[in-house]
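This report describes selected side-chain pairings and helices, and it begins with a group of charged residues. Please keep the sequence and the model in view while reading.

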Amino acid sequence: MDPQLSPTAFTHPFKSETWKHTLLFSFQSLGVLYGQLSTAPLYVFGTVPQKDFVSDETAYGLFSFIFWTMTIVSLLKYALIVLRADDDGEGGTFALYSILCRHAKVGLLPNDRSANEVMNYEVGSPFKIKIESRARRAIAKHKSSHYLMLFLALFGSCMAIGDGVLTPALSVLSAASGFGRSLSDIKFSSRESKQKTISKALKEYVPVPSSCAILVCLFMLQHYGTHKIGFIFAPIVIIWLLFISGVGIYNIFHWNQHIFHAISPTYMCKFVINTHVNGWRSLGSIILCVAGSEAMFAGLGHFSKKSIKITFICLIYPVLVLCYAGQAAYISKNLHVEDFNHLSESVPGHLRHVFVALSLLASAVGSQATITASFSIINQCLALGCFPRVKVIHTSDKIHGQVYIPDINWLLMVLSLTVTIAFHDIMKIGSATGLAVVSGMLVTTCLMSLVIALYWEKNLLESVCFLIFFGFVEALYVSACMLNIHKGAWYLVVLFLLSFTVMLAWHYGTMKKYEFDLQNKVPIEWLTDLSPGLGVSRVPGIGFIYTDIVTGIPAFFSHFITNLPAFHQVLIFVSFKSLPVPFVHPSRRYLIGRVGPREYKIYRCVVRYGYCDHIRDTDDFEEQIIRSIGEFISLEENDAESLTSPEGRMIVVGKPSPEGTALVPLDDTQSHLGSEIFPCDENQRSTLGEISERSCHPVKRKKVRFMLPPDSPKMRVSVREELQELIDARESGTAYFLGQSHLAVRDGSNFLKRFLIMMYTFCDKNGREPPVALNIPHAALVEVGMVYTI
């Protein structure tokens with residue numbers, strides 16, 4: 001019997017969180033997650049056209065909308081409900097979709113089904129799928145619902161990425177505009193006409209260059225990781241929050257102490273009744289007051305839920321209410337002042353320059369939340385096969401969600417600079433940002449209602465009430481944002497089409513490629529029973545065959561054997577499978593099984609890893625695989641069921657102990673690592689099989705040798721002989737086989753299919769190599785190319 005997988009085998013770093021850790025995370029979250037919410041006052045009222053402020057009643061109505069929107073959306077929906085729906089500590093749109101894929105069987109990748117049979121078969125596994133309910137069966141039966149959920153997940157992810165492009169440009173440009181107005185107040189000339197010209201030039205030409213400089217610096221800081229950035233930015237946010245709350249309190253008592261009367265919903269009703277189309281359009285700017293709420297959920301993997309909730313409820317929410325109330329109080333009494341709707345104008349004159357300096361720093365911090373959320377979202381997309389391969393750097397050994405993606409970082413920087421330079425108008429950028437924010441929130445509401453019904457197994461009425469209540473609020477704001485589609489929001493549509501096309505094409509290509517592998521895999525009997533008739537010979541050495549499928553022979557390897565009938569003395573089929581956990585304990589890392597009869601010496605190894613587990617160096621990885629197979633051979637004798645069961649029966653083998661039980665490691669300082677069955681004199685590529693040996697020069701590197709334990713009287717003779725053959729094969733050399741797929745579209749296929757495959761091929765050729773290929777020595781790598789006609 002396989003050992004049971006204890007639920008405690010996979011632990012999350014936040015489950016044993018102390019108050020000390022909570023306070024530390026709360027401090028860091030201020031500089032990472034709450035920067036956008038904290039700096040929203042820079043542009044919420046500022047992006048509302050001044051002509052829409054008809055009277056002081058307008059300020060009352062808009063503040064009422066701000067208060068209730070923050071209370072309903074940020075506080076009630078996100079802080080108290082949505083944050084509970086984490087995917088093992090990860091948040092965001094794709095985290096909700098991942099939960100539904102595992103527990104409602106809506107995943108469209110074949111990997112979601114076949115791999116789970118191998119990954120979750122163990123008794124007591126925390127990843128075991130729940131018993132099917134009537135709702136789950138209904139969802140699983142209708143394929144159209146699967147496509148709808150995938151569309152929602154991709155749509156929400158694209159909105160989060162679009163927010164990551166637009167928010168840095170909006171927040172920094174808003175602060176830089178205040179900097180330009182501050183400079184224009186300085187007396188440069190005694191002549192009034194010349195002074196006006198200089199002031200106008202400063203207002204017009206200073207914001208964009210200064211914004212670009214700040215944005216470049218901000219994105220260059222990202223490689224330091226969330227931990228360091230949090231400590232750098234958190235003090236800035238704390239000072240900023242104290243400052244704007246103090247200014248808000250001052251404005252309330254100095255200008256209009258009755259502003260809190262606007263908390264009454266009757267002022268919202270009056271605004272809706274009295275406003276025209278232009279007034280309704282201004283709600284597209286008001287939704288920006290909750291712009292950081294989705295980023296707060298998407299960046300959940302960087303901190304703990306407790307720290308996020310405490311920080312928001314005890315600090316962020318009350319401070320922002322005071323700030324917006326103070327700004328509304330100032331606006332209600334100063335409609336005649338130039339630029340009265342900008343936050344900088346409501347600051348007392350003697351503190352204006354302090355405000356400008358703080359706002360420039362805080363605006364950079366405000367962008368951090370969306371950038372961090374973009375990294376988290378894309379990392380989740382990668383795990384579900386919905387984004388091209390990019391390099392992901394884990395910036396923390398303790399917190400698995402803290403990641404940095406260099407390629408995406410520089411792409412976001414270029415797009416943000418493009419937005420800043422092209423629009424140079426916070427109203428246009430605000431229109432696009434508002435649409436991105438509320439669209440992402442609406443997607444979260446839809447997926448969350450399904451999670452409530454299918455995962456939390458609550459009453460269907462609760463799920464419907466959640467959808468109707470929050471969906472209605474967000475739909476109102478969507479209607480307001482759509483009125484601004486021609487005033488800058490069209491840029492978001494362009495960003496969405498580009499990112500959605502890339503995600504959809506990669507998902508489609510990955511799905512078709514995997515389906516091809518499943519449909520064209522060769523049964524084990526083809527290799528074990530028919531290979532003698534094909535004239536296949538066995539040559540010394542070990543062959544590692546990397547494949548995504550977990551049963552059968554991959555098509556590319558059968559293609560290789562057909563055209564070059566020889567394979568190694570020992571074959572090991574290796575599959576990497578990711579689990580939704582930060583780490584897989586070494587004792588649960590490897591699943592080892594036998595392929596075919598014992599005399600063929602063919603094994604299968606499934607390597608399980610978590611978010612933070614890195615692909616090992618080839619030397620270390622090869623050593624662990626061979627030692628794990630040695631452990632499997634010795635354990636197999638005591639597991640009679642594994643000797644008689646068909647393929648798919650696997651034994652969990654942990655990381656072997658240093659002293660070893662079946663194989664004893666010995667250090668061999670210099671040895672040649674490479675394949676001995678494919679000698680060549682120069683680099684070559686065969687057109688038939690596209691077999692590539694990238695270098696034929698011997699590579700000297702450290703390799704661990706093995707020997708049998710000298711004192712093992714209890715070891716059976718057959719086990720000892722098989723272990724000795726494994727050692728001899730290792731001494732003869734090692735080769736690594738990778739499949740190189742080339743997708744081709746069948747004649748007569750429609751335009752959409754051709755376009756998606758063309759996009760997938762472009763991303764595949766211009767993207768990064770598969771992670772496993774990066775650590776394989778060129779001299780030992782054999783790439784087998786195949787054309788997949790789909």
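## A network of salt bridges

Arg594, Arg598 and Glu722 are linked in a network of salt bridges, a salt bridge being a side-chain nitrogen of Lys or Arg within 4 Å of a carboxyl oxygen of Asp or Glu. The model is predicted, with local features requiring pLDDT of at least 70 and side-chain atom pairs counting only at pLDDT 80 or more, while totals for chains, interfaces and linings use all residues. Residues are numbered from 1 along each chain as its sequence is written, and side-chain values use heavy atoms, with hydrogens and water left out.

Glu722 counts as buried at 3% relative accessibility, whereas Arg598, at 27%, counts as partly exposed.

Lys601 forms a salt bridge with Glu725, the closest N and O atoms being 3.3 Å apart. Here too the pair links distant parts of the chain, with Lys601 in the loop between β5 and β6 and Glu725 in helix α25, 124 residues apart. Lys601 counts as buried at 11% relative accessibility, while Glu725 is partly exposed at 30%. In total, the structure holds nine salt bridges.

Helix α25 itself has 16 residues and reaches 23 Å from its first C-alpha to its last, close to the 22 Å expected at 1.5 Å a residue, the expected span being 1.5 Å times one less than the number of residues. Its buried residues include Val719, Glu722, Leu723, Leu726 and Ile727. Just after α25, Gly733 takes a positive phi of about 130 degrees.

## Aromatic pairs

A search of the whole structure finds 30 aromatic pairs, counted when the centres of Phe, Tyr or Trp rings (for Trp, its six-membered ring) lie within 6.5 Å, with planes under 30 degrees apart called stacked, over 60 edge-to-face and the rest tilted. One of them joins Phe63 and Phe260 edge-to-face, at 6.5 Å centre to centre and 75 degrees between the planes. Phe63 lies in helix α3 (residues 56-79) and Phe260 in the loop between α10 (225-255) and α11 (266-274), so the pair ties together parts that are 197 residues apart in sequence. Phe63 is buried at 1% relative accessibility, whereas Phe260 is partly exposed, with a relative accessible area of 31%.

The rings of Phe557 and Phe560 are stacked, because their centres are 6.2 Å apart and their planes are at 25 degrees. Both residues lie in helix α22 (residues 555-563), three residues apart, about one turn of the helix, and both are buried. Elsewhere, ring pairs link Phe151, Phe155, Phe496 and Phe500 into a cluster.

## Charges over rings

The charged end of Arg84 sits over the ring of Trp456, 4.7 Å from its centre; this requires NZ of Lys or CZ of Arg within 6 Å of the ring centre and within 35 degrees of the ring normal. Lys270 lies over the face of Tyr267, at 5.0 Å from the ring centre.

## Helix α18

The 29 residues of helix α18 (residues 426-454) should span 42 Å at 1.5 Å a residue, and its end C-alpha atoms are 41 Å apart, which agrees. The helix is mostly covered, with 24 of its 29 residues buried. At the start of α18, a side-chain oxygen of Asp425 reaches to within 3.0 Å of the backbone nitrogen of Met427.

Conventions. Helix = DSSP H or I, 4+ residues; strand = E, 2+ residues; numbered from the N terminus. Buried < 20%, exposed > 50% of the residue type's maximum accessible area, 1.4 Å probe, protein only. Polar contact = N/O pair within 3.5 Å; in protein donor to acceptor, adjacent residues only side chain to side chain.
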